[in-house]
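Trainee: I should like to work through the side-chain packing of this structure with you. May we begin with the structure in view?

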Amino acid sequence: MNCRSRLLATVAVGASAALLLTACGGDGGKPKANDKIAGADTGDEASATPGASATQQAGRPRIELPADLHYTFEWRKTGDKDKDAVLADGELFIKATDQAIANQDVLDPAYRFYSAEELAAATQKYVQRFVDHKARTTGTYRFYSESVTLQGDGAAALTYCEDQGKAYNKFVKTGKVDKTPVTKNSYIFYNTTLKRNSDGVWVTQDMLSERGSARCQP
């Protein structure tokens, strides 16, 4: 079962589960390697996330992640302030969701700040799933091949690819890291819709994902 795809497909209007897309398998529904989840082990050193400078703006929640969870964002600035803001806030939603799992907090304010309505509710269910299994990920996620389209009326589309080939599950109780080989399914394509709210934040509303997409293969 594809945890993230199924997550938002079940709850979000017209969406499967972008940011949350990950592979799950049998074994009672436990998360499998390459499930996109973040640190739940309180023994890990947390570090403030780098990346979008918007994190430190007044009124925005701080995001801190385990020191062994890394991101490589190959997203390039466009020179357009609105498009660059979409990229920055899209990145922060990704990290905020992982922070919720790291904090074992299904109501973590950060992901709720960067998402809206049905997607926020779907993300809560996704976080709960991994909290229940006391699992988290370690390693590096790479994001690339981004494209931003402004749609007018404060809406935007953001598409991108994710490489999960160097990210693995770590189970909190045992400390075991479940390493799996890289396959075509390690690469996921995301199609997201964002809306600028009254505070000027680009919140993610809808997400579609395609695991093993040909457009994301190396």
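Trainee: Over the face of which residue does Lys 179 lie?

Mentor: This is a predicted model, in which local features need pLDDT of at least 70, side-chain atom pairs count only at pLDDT 80 or more, and totals for chains, interfaces and linings use all residues. Residues are numbered from 1 along each chain as its sequence is written, and side-chain values use heavy atoms, with hydrogens and water left out. A charge sits over a ring if NZ of Lys or CZ of Arg is within 6 Å of the ring centre and within 35 degrees of the ring normal. At 5.5 Å from the ring centre, Lys 179 lies over the face of Tyr 168.

Trainee: Over which ring does the charged end of Arg 215 sit?

Mentor: The charged end of Arg 215 is placed 3.9 Å from the centre of the ring in question. That ring belongs to Phe 189.

Trainee: How many aromatic pairs does the structure hold?

Mentor: Rings of Phe, Tyr and Trp (its six-membered ring) pair if their centres lie within 6.5 Å; planes under 30 degrees apart count as stacked, over 60 as edge-to-face and the rest as tilted. The structure's aromatic pairs number nine.

Trainee: Why does the pair of Phe 73 and Phe 143 tie together parts that are apart in sequence, and how far apart are they?

Mentor: Phe 73 and Phe 143 are stacked, at 4.6 Å centre to centre with 10 degrees between the planes. Helices (H or I, at least four residues) and strands (E, at least two) are DSSP runs, numbered from the N terminus. Because Phe 73 lies in strand β3 (residues 69-73) and Phe 143 in strand β4 (residues 135-152), the parts tied together are 70 residues apart in sequence.

Trainee: Is Phe 143 buried or exposed?

Mentor: Buried means under 20% relative accessible area, exposed over 50%, and partly exposed in between (1.4 Å probe, protein chains only). With a relative accessible area of 0%, Phe 143 is buried.

Trainee: What kind of aromatic pair do Trp 75 and Phe 143 form?

Mentor: Trp 75 is itself buried, with a relative accessible area of 12%. Its ring and that of Phe 143 are 6.3 Å apart centre to centre, with 75 degrees between the planes, and the pair is edge-to-face.

Trainee: Which residues have the most contacts inside the largest nonpolar core?

Mentor: A nonpolar core is a set of buried Ala, Val, Leu, Ile, Met, Phe, Trp, Tyr and Cys residues joined through side-chain atoms within 4.5 Å. The largest such core has 38 residues. Those with the most contacts inside it are Tyr 71, Trp 75, Phe 143 and Leu 158.

Trainee: Which element gives the most to this core?

Mentor: Among the elements that give two or more residues to this core are β3, α2, β4 and β5 (155-171). With eight residues, the element that gives the most is α2.

Trainee: What is the mean pLDDT of the chain?

Mentor: pLDDT is the predictor's confidence in each residue, from 0 to 100. Over residues 1-45 the pLDDT is below 50, and it stays under 50 over residues 49-56. Where pLDDT is low, the predicted coordinates should not be read in detail. In the chain, 73% of residues reach 70 or more, and the mean pLDDT is 78.

Technical notes:
Contact = heavy atoms within 4.5 Å.
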